[in-house]
Amino acid sequence: MTAVPTVAIATRDGSASIPLLGLGTWQAGGEEVYRAVRTALDLGYRHVDTATMYGNEAEIGRALADSGVRDEVFVTTKCPPDRVGREDETLEQSLHLLGLDRVDLWLVHWPPHGEDGSLRMWERFVAAQERGRAVSIGVSNYSADLIDELTSATGVTPAVDQIPWSPSDHDPTLVAELGERGVVLEGYSAFKRTDMHDPALTRVAESHGCTPQQVVLAWHLQRGFVVIPKSVHRDRLEANLAAVGLQLTDDELDTIDALGS
């Protein structure tokens, strides 16, 4: 199996590597998410994304513990925006449920409401990183301007911005803005936000003998965007992982980029 490529993200003292392809777990719970995570790890996934709001951290923690590869897995969780003032206890609960001493990436799930809610939460994220409870810290659903506010106030820039992202959302300006700030773009809902019947996409898929979904994933990987498709079915988990071995041409990448224009 072709190794999943990685990209560097900022830590307190340097950088760490995040696999560009991970397993999303939104709307998956109970034994279903346990089996999905176990299957994904058995297949070779080494990146799992969850959140306090998903209510599945305990099952994911159990899957990690039973997998035999827990120390190899990059784990992301997220703090709900309504936990301003309760960030520390939220993280400790996540770590307890996941069975971890520290999380690889902790994200602010959405910008908190209130004039200074976002800054207050980010200050606690910075403190958690300083305590070693989160290796990297970042945000989700933030604009570049909101990221600048956090950086200006604390001197610490989010390592990652997890946002809705797909070929249809491709925005070179946003890509450049995040890149200039050293922020890694991580996308979610890649399949949901893509017209899989778009002729440009289906032509590329046909030329490689693969599915449009695999083309979408390969585009993310080759452009350096982290992507976390969710599935609880073994065949789809296998198909998504197989996209790692798909190599698109520069012209094909440009064609897919243009779907966002």
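Helices (H or I, at least four residues) and strands (E, at least two) are taken here as DSSP runs, numbered from the N terminus. The structure is a predicted model, in which local features need pLDDT of at least 70 and side-chain atom pairs count only at pLDDT 80 or more, while totals for chains, interfaces and linings use all residues. Residues are numbered from 1 along each chain as its sequence is written, and side-chain values use heavy atoms, with hydrogens and water left out.

Strands of a sheet pair through backbone hydrogen bonds, either parallel or antiparallel. In this model, 8 strands make up an open sheet with parallel pairing, and their order is 3-4-5-6-7-8-9-10. The edges are taken by strand 3 (23-24) and strand 10 (226-227), each of which has a single partner strand, so one side of each is left without a neighbour in the sheet.

Within this sheet, strand 7 (residues 134-140) runs parallel to strand 8 (residues 160-164) and is joined to it by 2 bridges. Serine 140 has glutamine 162 of strand 8 as its bridge partner. Strand 8 also runs parallel to strand 9, and here 5 bridges join the two. Isoleucine 163 has its bridge partner, glycine 187, in strand 9.

Burial is described by relative accessible area: buried means under 20%, exposed over 50%, and partly exposed in between (1.4 Å probe, protein chains only). By this scale strand 9 (residues 184-188) is mostly covered, as 4 of its 5 residues are buried.

Isoleucine 9 stands opposite alanine 16 of strand 2.

Turning to the helices, the axes of helix 1 (residues 30-43) and helix 2 (residues 57-67) come within 8 Å and cross at roughly 35°. Such axes are lines fitted to C-alpha atoms, for helices over the stretch in contact, and the angles run from 0 to 180 degrees between N-to-C directions. The crossing of helix 1 and helix 2 is right-handed; a crossing has this hand if the near helix is turned clockwise from the far one by less than a right angle, and is left-handed if anticlockwise. Contact means heavy atoms within 4.5 Å. On the helix 1 side, the residues that meet helix 2 are Gly30, Glu31, Val33, Tyr34, Val37, Arg38 and Leu41, and their counterparts in helix 2 are Glu59, Ile60, Arg62, Ala63, Leu64, Asp66 and Ser67. Sorted by class, this contact of helix 1 with helix 2 holds 7 nonpolar, 2 polar and 5 charged residues. For these classes, Ala, Val, Leu, Ile, Met, Phe, Trp, Tyr, Cys and Pro count as nonpolar, Asp, Glu, Lys and Arg as charged, and the others, Gly among them, as polar.

Helix 3 (residues 87-98) includes leucine 91, and threonine 90 lies in helix 3 as well. Leucine 91 counts as buried because its relative accessibility is 0%. Its contacts, leaving aside neighbours within four places in sequence, are Val103, Trp106, Ala128 and Arg133. The C-alpha atoms of leucine 91 and threonine 52 are separated by 8.7 Å, although the two are 39 residues apart along the chain. Threonine 90 is also buried, at a relative accessible area of 2%. Setting aside neighbours within four places in sequence, threonine 90 is in contact with Thr52, Cys79, Pro80 and Arg83.

In soluble globular proteins, nonpolar side chains tend to be buried together. A nonpolar core is a set of buried Ala, Val, Leu, Ile, Met, Phe, Trp, Tyr and Cys residues joined through side-chain atoms within 4.5 Å. The largest such core here has 75 residues, of which Val215 and Leu248 touch the most other members. Beyond its neighbours within four places in sequence, valine 215 contacts Leu201, Val204, Ala205, Cys210, Leu246, Leu248 and Ile256.

Finally, some loop residues deserve a look. Most residues other than glycine have a negative phi. Glutamine 27, in the loop between strand 3 and helix 1, has a positive phi near 65° and counts as exposed at 57% relative accessibility. Serine 189, in the loop between strand 9 and helix 7 (199-208), has a positive phi of about 60° and is partly exposed, with a relative accessible area of 27%.

Notes. Two strands pair if DSSP finds at least two bridges between them.
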